Amino acid sequence: MTVDDEYFPICTFCGLLLRKSRIHVHSAIMSGQLANEVLALSAEDVASFKFGINFRKNPNDGKCYLIYKEEAGLKACRNQCKHQGGVFITDMEDLNRQTVKCTKHNWKLNVSTMRYSNPPDSFSQEELEVELVGGGLRLLELVPQDPWLEGQRDPQPLQPGEATVTYLSHACMALSLGGVRVVFDPWLTGPAFARGWWLLHQPPHDAWDLLCSADFIYISHMHSDHLSYPTLKVLAERRPDIPIYVGDTSRPVFWYLQHSNVKLTNIKVVPFGVWQNVNQHLRFMILMDGVHPALDTCLLLDYKVCCMCEGHIIMNTVDCTRPNSGRLPLRPDLLMTDFAGGASGFPMTFCRGKYTEAWKEDFIRTERRKLLHYKVQLVKTLQPRVYCPFAGYFTEAHPSDTYIKNINIKNKAEDLNAEINKMAPNVTTWTPKPGATLDLALALDPQHRGRSMQKAAASKIGGNCNTSLPNIKEISVAVPKEYNVKRHYQTHENTHAKYTGAEERREEIKRLEVSLASRQQYFTRARDSNENSTKASYEVATLIAKQCKPFTEGEFIKDCLMKAVENICPEKKQNFENICLARTTVTKRIEELSEDIKRQVNDRGMTFDFFSIACDESTDRSDTAQLLIFLRGVDNDMNITEELLDLQSLKGQTRGVDLFDCLCSAVDGMKLPWSKVSAIVTDGAPAMAGGQSGLATRICNKVSEQGGSAVKLHCIIHQQVLCAKCLQFDHVMKPVVKTINFIRSKALNHRQFQQFLEDMDAEYGDVLYHTDVRWLSRGTALQRFFSLREEIGKFLADKGQPMQELSDPVWLSDFAFLVDITKHLNELNTKLQGKDAVVSQLYAHIKAFGNKLKLFERHMSQTEPNTAHFPSLREVHENFPRGNSGAKNRRKYAAAITSLSEEFGGRFQDFSAMDNDMLLFSSPFSVDPDTVADNLQLELIEMQSDDELRGRQQHLSLVDYYRQLDKGKYPHMRHFAKRMLSLFGSTYLCEQTFSVMNLNKTRVRSRLTDPHLRDILRISTSALKPDLSCILKGKHDAVRAPPPGTPVYKDRWDFQRYDQELRSAVGSQVFKHLAWVQQYYTWAGFRNYNLVVRVIETDEDFAPLADGWDYLVDFLDLTFPLSRPIREHNYLEIRNRVGVMRYVVLNGLLWDSLYIGFQNRISRDPDIYHHRFWDHFQVDLPLTPPDWEGFLRSLPDPPDDSHSCRVG
């Protein structure tokens, strides 16, 4: 539709032509835009306009506007700088009344063109629609309808734990919304901006697991503190297909991905302002920045409801200067913004002229105050229910940037939150710490908000909450001030005046108390119901962990529950619906259950008088070496605790020193004193038991250094198994294993054999596989085969594969002997297994078996062997009386037993060295006092003389016996007993736990993370019961603090690794040729701009290098002169650290690594900001790096290294 001249072609009051007509406004409204009237002026106000700029304020909201009058008509815009929202004032240098100047950064706007003149060639200002009505004026702002107002949904309440936010580092947050995990801007390792920025905070221990298990990731923009390629490289190795969402910016966020060697395969670019539905409850929208639309974006998350319903809107503005051009939803549940400042090279890297140290300090101090004020105003305007400052936790940690670190003072989140608490008291603030988690449901609940948020953060919150004051008429007073209370009673005087008698007033008070109790009970029932639902989810998560089920099983269990409820008790459906069993919820529950068990173990550890350590190492499904560490501790009351101390994952070597470092980390992490270590038990691997550098030796040495004394023990079960290997009966085992494999390796044979046994009514239904790694495998497999030998022989004969050995009496005799002797070994092995075993009892079983072997040896050495303890051998002898009576077989079996006895006698030396101590411990009344330590002799005599104590020993266990000893009368004996009770005798717990590990980390669960595996194993093996009341009590806190001992600040950075990467570019062949300068800037593509730049390569202190490049670039015609041109021109001098500059040039990177990373020093003449230049080199460089290989091929040999373009 075109403008109709009949519609207000000329203003009847001032005679000026109108720029816009009402028809344009109507068309905009019809196309989906909204026309908001922002200012209305009378005809008298319009008549008072002067030519040029006129300032006007809306008296209703106090907002200011610029109206420009010229012959062609009127123009208008908001009085707000597009940079950081500053206010414009008259530019005293402009006599034509066309320019205004911003009070923040001196940016200048030419209102006649609506273009910014400083910085030149930068932004334009959005115009307002001017409409003249009856001589008066209306300013209209045409804006599209806010997309978050579309598709509104009914609000739904949040349950505690349903919506949580965990702070990881800098701008990295992990959100869990109804089981969906979202991670923002992951930066967990390495520097940003070359090496200029480093993480201030230490990411929590589970940060990588939270990142890798996310359902999707949002990356706001391409700056390297948000798009961290070192972090993404690790992520790509663990989960390359994770969905990553970015906005459709003019320069792709992942423009460098192809050249980075980071293999991410699921990047999703989405349009701005369009809802992306994750599921029926969650959607998100990416919005662009109004100042830097080609670069910055922000995120809007909508969970369950929309903002217009006081719903669950989470807004992350990240680094946006004016997110979505200032159009944002009001009253979001959670608002997160940056706060720190100092994220620019200006003015820290500038020198000469006005840029003195005093000027810089004053400027930085002023800018910090302005930024704080801007953030406070943003919060006051939007009125979020919870506000969190983030995306500012970085530091200039590199030693070469000490100057920057000292001068670039940043805002503190605590200061910003304190200011917000003053200016916007209804807004709850949260200052995050690494690993801390905000529960949004509790944070939004006034009952919890003031108390719990204060505990987690230094901010003052909740102190200004209005309080309801119930009175006799069930009407609440908003604020309990004297005036309000007086007015209340005066208003309702006639209503309560009728209660004149004392009895009437008492009755009315009783009625009101009953009514109040009824209302309170309603909320109590709701709270109890929620707590019961949460408790049920913890119980189910415990079962999932103990039964080695995947975390996703929770959703299947929930579906089963709901089907059962629908048929049995449909009226209870809502109660069961409230049980949250989503994958991420089950994951979080298991983490918290494990953390609670760990807390209990830590509490008990503080009471230990002695403790021993058992550890073993094995490789899981993903080829990660896992070191299991168990502790066995005894407190003063003789209470024994056997628990998993830690699971340490080793990604590299597993030498003794590596295992030692892991074990020390676990013990020190629990703050257990090394002087109380009594023993360390390991298997016999060299890395564990090596005499000089093995783990056990290192631990014993460390305990000695701490004033303690520890013994190293070789697992008693391992030694028993090694003894059994001396039985060399391969001529028996090989045919048996071969036959078992023939039957079970082929499905048809196996089915037919099972059916054959069923038809034969056999004792067993199958044969068993044999594997060496299972302690009891050989004995059980042989026993089963021997019992089914007749059926096996018939089956093999029917299959045409007869087993000749089954008809050989000699072989059958050897077979029977091996069955019987392995049965005895299995019985011993079984006695050595189990939890809470006392070392003296374990060694007693070994000594008893040694005596049994001597008995067996004597029986087998007789002329007629005594087979009383060898039933299988006796059975064969009875079936073949003539085939097994020879002296040869007798001597063979006796020799085998003798060899086994000698093996047992040669091992267990570490236990036999403690024989006297174990005898004293287990049989104190049969020990000669002269043979014990001096400090025990007198107490031992007292014990042996006490007939009552002698009688108790006959009826009590060793633990109970020593527990009842008088602490004052027998302190040294109790001390000795505690040390003996603390000793592990085997690594049985480790072996058992490795079996649980293999059940969890299978081929289909190979991505199970190491921390989650540790959590599962801790829950599965622990004898401690998680304290749900303690966990649920913590759930009432809106902020859950990170685990105890979690560090807040980083104290180490890997400078050397990244310095080497940058220095690798210095020696490139490219920089040996003068032509690289022209090649690079031609590739960059910036020209036709009157700017001359001098670039100087420097050392770390910005001193020019003797062999570095020093050149001029004239961007007017893209030439490279040896001196500055004589024409009037703008001039920049940039000194770049050589390693960073050459790395940027070689890889075609943006110059933000130099400028924002503080890797250069800049001076300029005149002192103006060249927006076009910096915007091009920081945003608009080509997407593909320069073709340096082609460049080198095109050059003649030898290289020209004369540096003839050096200036001056």
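**Note on the strands, helices and local geometry of a predicted model**

1. Strand 5 (residues 88-90) and strand 6 (residues 99-102) are joined by 3 bridges and pair in the antiparallel sense. Helices (H or I, at least four residues) and strands (E, at least two) are DSSP runs, numbered from the N terminus, and two strands pair if DSSP finds at least two bridges between them. Threonine 90 has valine 100 of strand 6 as its bridge partner. This is a predicted model, in which local features need pLDDT of at least 70 and side-chain atom pairs count only at pLDDT 80 or more, whereas totals for chains, interfaces and linings use all residues. Residues are numbered from 1 along each chain as its sequence is written, and side-chain values use heavy atoms, with hydrogens and water left out.

2. Strand 6 also pairs with strand 7 (residues 108-110), again in the antiparallel sense and over 3 bridges. In strand 7, leucine 109 is the bridge partner of valine 100, and asparagine 110 is that of threonine 99. These two strands form a hairpin with 5 residues between them, and asparagine 106 in the turn has a positive phi of about 65 degrees.

3. Which strands make up the open sheet of 4 strands, and in what order? The order is 5-6-7-8, with antiparallel pairing. Strand 5 and strand 8 (115-118) are the edge strands, each pairing on one side only. From one strand to the next, the twist averages 40 degrees. Angles run from 0 to 180 degrees between N-to-C directions, and axes are lines fitted to C-alpha atoms, for helices over the stretch in contact.

4. Another hairpin is formed by strand 2 and strand 3, with 6 residues between them; glycine 62 in its turn has a positive phi of about 80 degrees. Strand 2 (residues 52-57) runs antiparallel to strand 3 (residues 64-70), and 6 bridges join them. Within this pairing, isoleucine 53 stands opposite tyrosine 68 of strand 3.

5. An open sheet of 7 strands has mixed pairing and the order 18-19-20-21-22-23-25. Its edge strands, each pairing on one side only, are strand 18 (276-277) and strand 25 (428-429). Strand 23 (residues 386-389) and strand 25 run parallel and are joined by 2 bridges; valine 386 stands opposite threonine 428 in strand 25. Helix 8 (residues 413-423) packs on the sheet and touches strand 23 and strand 25, its direction making about 155 degrees with that of strand 23. Contact means heavy atoms within 4.5 Å. Helix 6 (residues 357-382) lies across strand 21 (312-318), strand 22 (334-337) and strand 23, and runs at about 160 degrees to strand 22.

6. Two packed helices are described by the angle between their axes and the distance between the axes. Helix 26 (residues 839-861) and helix 30 (residues 915-922) pack at an angle of about 115 degrees, with axes 10 Å apart. The two helices are therefore roughly perpendicular to each other (angles under 35 degrees count as roughly parallel, over 145 as roughly antiparallel, 65 to 115 as roughly perpendicular and the rest as oblique). Val839, Ser840, Tyr843 and Lys847 of helix 26 make the contact with Asp915, Met918, Phe921 and Ser922 of helix 30.

7. Helix 21 (residues 730-744) and helix 22 (residues 747-759) pack at an angle of about 100 degrees, with their axes 6 Å apart. That angle makes helix 21 roughly perpendicular to helix 22. In this contact, Phe742, Ile743 and Arg744 of helix 21 meet Asn749, His750 and Phe753 of helix 22.

8. The count of aromatic pairs comes to 59 (rings of Phe, Tyr and Trp, the last by its six-membered ring, pair if their centres lie within 6.5 Å; planes under 30 degrees apart count as stacked, over 60 as edge-to-face and the rest as tilted). One of them joins phenylalanine 184 and tyrosine 218, and is edge-to-face, with 6.1 Å centre to centre and 90 degrees between the planes. Phenylalanine 184 lies in strand 13 (residues 180-184) and tyrosine 218 in strand 15 (residues 216-218), so the pair ties together parts that are 34 residues apart in sequence.

9. Most residues other than glycine have a negative phi, and most peptide bonds are trans. Serine 325 is not a glycine, yet has a positive phi of about 55 degrees. A cis peptide bond joins phenylalanine 346 and proline 347, with omega about 0 degrees; proline 347 is in the loop between strand 22 and helix 6.
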